[in-house]
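Below is a set of questions and answers on one structure, meant to be read alongside the sequence and the coordinates.

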Amino acid sequence: MTAMAPDALKAAIGAQTEVNWMIGGPQGTGVDSSATLFLRTAAAAGYYVFGKREYHSNIKGKHSYFNVRASHQYIRSSVDPIDMLATFDKETATTHGHEILKNGALIYDPKVVKLEDIEGLDPSVKTYVLDYDGMIKDMAEETGSNPMKLTIMKNTLAVAASMALYGVPLEAMERAFIGLFPGKKAKLVELNMLGAKKAYAAMQQYADVNDFEYRLAPMVNAPKENSRLLMNGATASGLGKLKAGCRLVTYYSITPAVDECIYLEGRPEYGMVVMQCEDELSAMNMVNGAATTGMRAATATSGPGFCLMAEGIGWAGMNEVPAVIFNYQRGGPSTGLPTRSEQADLMFAVNIGHGEFPRVVIAPGDMQECFEDSFDCFNIAERYQTPVMVLPDKVLANNTQTIDFFNEVGLKIDRGNLFTPTTDKPFENVDAAIATHTRFEVTENGQSRRSLPGQPGGIHWLTGDEHTTIGHITEDPAIRMAQHEKRYRKMEYLLKELPQDRQFKLYGPADADITVVAWGATKGPVLDAMPLLEAQGIKVNMLHVRLFSPFPTDGVEKILKASKKLVSIEMNMTSQLARLIRMELGILIPHKVVKYTGRPISQTEVISSLTDIQKNGTERIVLTYGH
Amino acid sequence: MATSAPSPHTLSAPLKASQLKSDKHPDWCVGCGDFGITNAVQQALASMQLPPWEVYFFTGVGCSGKTSHYVQAYGAHTLHGRSLAFASGAKLANPHLTVLVAGGDGDGYGIGAGHFVHAGRRNLDMTYIVFDNEVYGLTKGQAAPTLPMGDQPKSLAAPHITQPINPFALALTCGYTFIARSYAYDAKHLKATIQKAIEHKGMALIDVLQPCPTYNDLRTKEFFAEEVSFEGTKVPRVYYMEDEGYNGVVSNPHDADEVNAKRKEAFDKIYSQEERTGLGVYYQVELPTYHELLKQNMPVLRDCAPIDLQYYDADMNPTTDLTSGWSALIV
């Protein structure tokens, strides 16, 4: 789909084609449920949605918020100012009130929020009263229920009031409820609709409700119902693992990696064993042990746990074990910002472990790539018999968006070079069956035949020490060189064999004014910003890198050398990809945009920083938006 | 013991212990207890006639870490302290394998203590043999977690001022379902104990008393051969508990009274103030293994081990149908 600048689209349609809503409240009071309802309602009405979840490392009580953008166009990022803020509590109103655009809306309960307490609230913002307690009391009376048990209905009331102002029909909410409450829970649809109607009607009492500036135009050419998915990256990665045949995932509980594990634990029908370990040393080495048996196995972790895995990853490199490690990046160092976003583990991943061993490091940039990488990483690990690290981040793990169905056609399983005893050797006698196999045979492409415990004729040894072709310890200099070189040769072949678009991809026009160099989740805001920048007269393309070790030097160099102005955009302080490029290619990226507040980069920020660089030649921009 | 293996290959002729020696020759010191233990492992495997290609032997790091290289079976010489984690992953994936784990007391009760605890809790069907010589031999004899307080083997600059771990007390509280002691120079007892541990369904621990002839001049071969005073008479320092009627085996795991009584008896033995040391099974109980419990949670694994789940066809197309996964996400 060709994206249009929203202004152009708005002009064509004659009304708003995109809105940006926020809801907030103390953690544990239903902020997530409200956002899910909003996302599902907007999706049911045909819009494309993107939800950004921000929360504290806390179970109950601290402020959290969810930002939902709904659009006529496919979107993959958030924007900054909001046009409507729905609140249950005072803190949300005082923290985010100043972010509401001119003529935007605030939904509040005057019993808890005093408008004069909201600093920076634009006087043009329209305020709408929602009497949560009164409506719940009415609902309790009408249904004969205990009002205490209906407190959760606040979510429904807030979303319904918001939909009334945006002009989204109640019927879309009903469809969202039907999707949320299938089967035995169906009676909840009626109860929720009772609340939704009350809140909707309350908004209709405002004489100017239909004149709301950010009323959302009905979706034009809406996608067919049930033709899209609403999901986050943690789920996409989990599904990719299932499709790939991974049947063991190990983890030690850590945010945000644990979301993927919880998802997989809830799907026992696939036979995937999800093992909660005593620590990340165990999680990593259980994967090593399982992977040597031929099981496709992975561990999922985040920064602090990833640090503990370093030694095990080195063992996997030395023993050519197809171990898969998902490191869901979060704010570091140390415990850092446990629930916030950062892309600061790239240099660590490409250098992890002592000594030298080949390792594959890849990072997905969106939901589709989470699924692809999660599927591919096992093929890569088994083909090149070496550890593969996948680096999603909290943005991908926790943000939700509407996407097309993933393409499952044409996927292939690649087990690499496996020893097959039935055809390789007859076992007419015991000696043949217990014979030793040259697991680490020195070959041209570095790949040797991998025998698996249980296979007769395949006995060999594994050891963290340098070893002979059958895996016994050696300190012989010639064997050391042969094995060390053999291991590294596998990476030359990977660069030749892995499809180029899985290594890096150039998005946008070839002859751009600015070439953005980005990786991971910054892909979304940059892609979304490109058509808007073009409308402003700045032609932008983006080199999105997905493979970092081994580094695809030749292809990346060609693109960088053909570019007019290079700008790196990363969610870290030290521009890690830019540094890696300088290390690998000697090319300096002169303009750097960075953000290290732990909050994701928005489309708005990409537009403003690239405009600044194009106009003023600014070398370093530090982004700060977001609470 | 492994669950019934699907291998079409069986031993076509009886296997001799000598065939379980690899071509690699041990480089341990003369008189090292490691020789006795390695020998006993090979004897036990031969006695059970287990196909060596279905045995996966994991070791840690240190002198004992090299043991896997000397046995003709699949072997993994892992990381210091992590052998139980590696082994647990392999056993989880492929329960058909007979999984043996070995390592030193420093490896298992020191750097690997966390895994030691949780391996007991999980009760995977594996056998863990600890080479207990009270010192870190390969790095010149530092104190291992089992060295008694106040002792000063020749490699220590001063008497040891840290309390030792009691591995059996720890194992009992962590849920090990087979806990036994043997002695490196008692080939017959050690072989029989290893065999019992492999045959036991669940997580088994064998702590093997073992001299380090180079660095531990306190617990030598001569020390273990000495006679000590017991109830007014001289008796051997190591003795078979079984000979005195001790029976640590729980006959009915559902009988809480019997379980408690056996655990109490085992604790009394473990903390006995006697100068002599008992060899044999301190405690054994048959409880559901991790895999058996997993089957209850995951019906798809009831008749199929995780490693046997098919996920691609002959043309290498993935066969996992994600329909149920997608259905919850469709809008």
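Q: How many disulfides does the structure hold over all chains?
A: A disulfide is a pair of cysteine sulfur atoms within 2.5 Å. Over all chains, the number of disulfides is zero.

Q: Which cysteine sulfur is nearest to that of B:Cys174, and how far away is it?
A: B:Cys174 is in no disulfide. The nearest cysteine sulfur belongs to A:Cys277, at 16 Å.

Before going on, some conventions. This is a predicted model, in which local features need pLDDT of at least 70 and side-chain atom pairs count only at pLDDT 80 or more, while totals for chains, interfaces and linings use all residues. Residues are numbered from 1 along each chain as its sequence is written, chains are lettered from A and ligands numbered from 1 in the order in which they are written, and side-chain values use heavy atoms, with hydrogens and water left out.

Q: Is B:Cys174 buried or exposed?
A: Buried means under 20% relative accessible area, exposed over 50%, and partly exposed in between, with a 1.4 Å probe and protein chains only. The relative accessibility of B:Cys174 is 8%, so the residue counts as buried.

Q: How many of the eight residues of helix H5 of chain B are buried?
A: Helices (H or I, at least four residues) and strands (E, at least two) are DSSP runs, numbered from the N terminus. Helix H5 of chain B covers residues 167–174 and is largely enclosed by the rest of the structure. Its buried residues include B:Phe168, B:Leu172 and B:Cys174. The count of buried residues is six.

Q: Which helices and strands of chain B do the buried residues of H5(B) pack against?
A: Packing here rests on contact, meaning heavy atoms within 4.5 Å. The partners are helices H3 (105–111), H4 (113–122) and H8 (256–270), and strands S7 (178–183), S8 (204–209) and S12 (277–284).

Q: Where in chain A is A:His437?
A: A:His437 is buried, with a relative accessible area of 2%. Leaving aside neighbours within four places in sequence, its contacts include A:Phe419, A:Arg449 and A:His460. Its place is the loop between helix H17 (430–433) and strand S15 (461–463).

Q: What does A:Tyr214 touch, not counting residues up to four places away in sequence?
A: A:Tyr214 lies in the loop between helix H7 (187–204) and strand S7 (228–232) of chain A. At 11% relative accessibility, A:Tyr214 counts as buried. The residues it touches are A:Gln16, A:Val19, A:Asp83, A:Leu101, A:Lys102, A:Asn103, A:Gly104 and A:Tyr166.

Q: What is the relative accessibility of A:Ile479?
A: A:Ile479 is in helix H18 (residues 477–497) of chain A. Beyond its neighbours within four places in sequence, A:Ile479 is in contact with A:His467, A:Thr468 and A:Thr474. A:Ile479 counts as partly exposed, at 29%.

Q: What is the radius of gyration of chain A?
A: Chain A has 22 helices and 22 strands. The radius of gyration is taken over C-alpha atoms, and the globule rule is 2.2 Å times the number of residues to the power 0.38. For 627 residues the rule gives 25 Å, and chain A is close to that, so it is as compact as a globular protein of that length. The radius of gyration of chain A is 27 Å.

Q: What radius of gyration does chain B have?
A: Chain B comes to 10 helices and 12 strands. A compact globule of 331 residues would have a radius of gyration near 20 Å, and chain B agrees with this. Its own value is 21 Å.

Q: What percentage of the residues in chain B are buried?
A: The C-alpha trace of chain B spans about 80 × 50 × 45 Å along its principal axes. Among its contacts between residues at least 6 apart in sequence, 70% join residues at least 24 apart. Of the 331 residues in chain B, the buried share is 57%.
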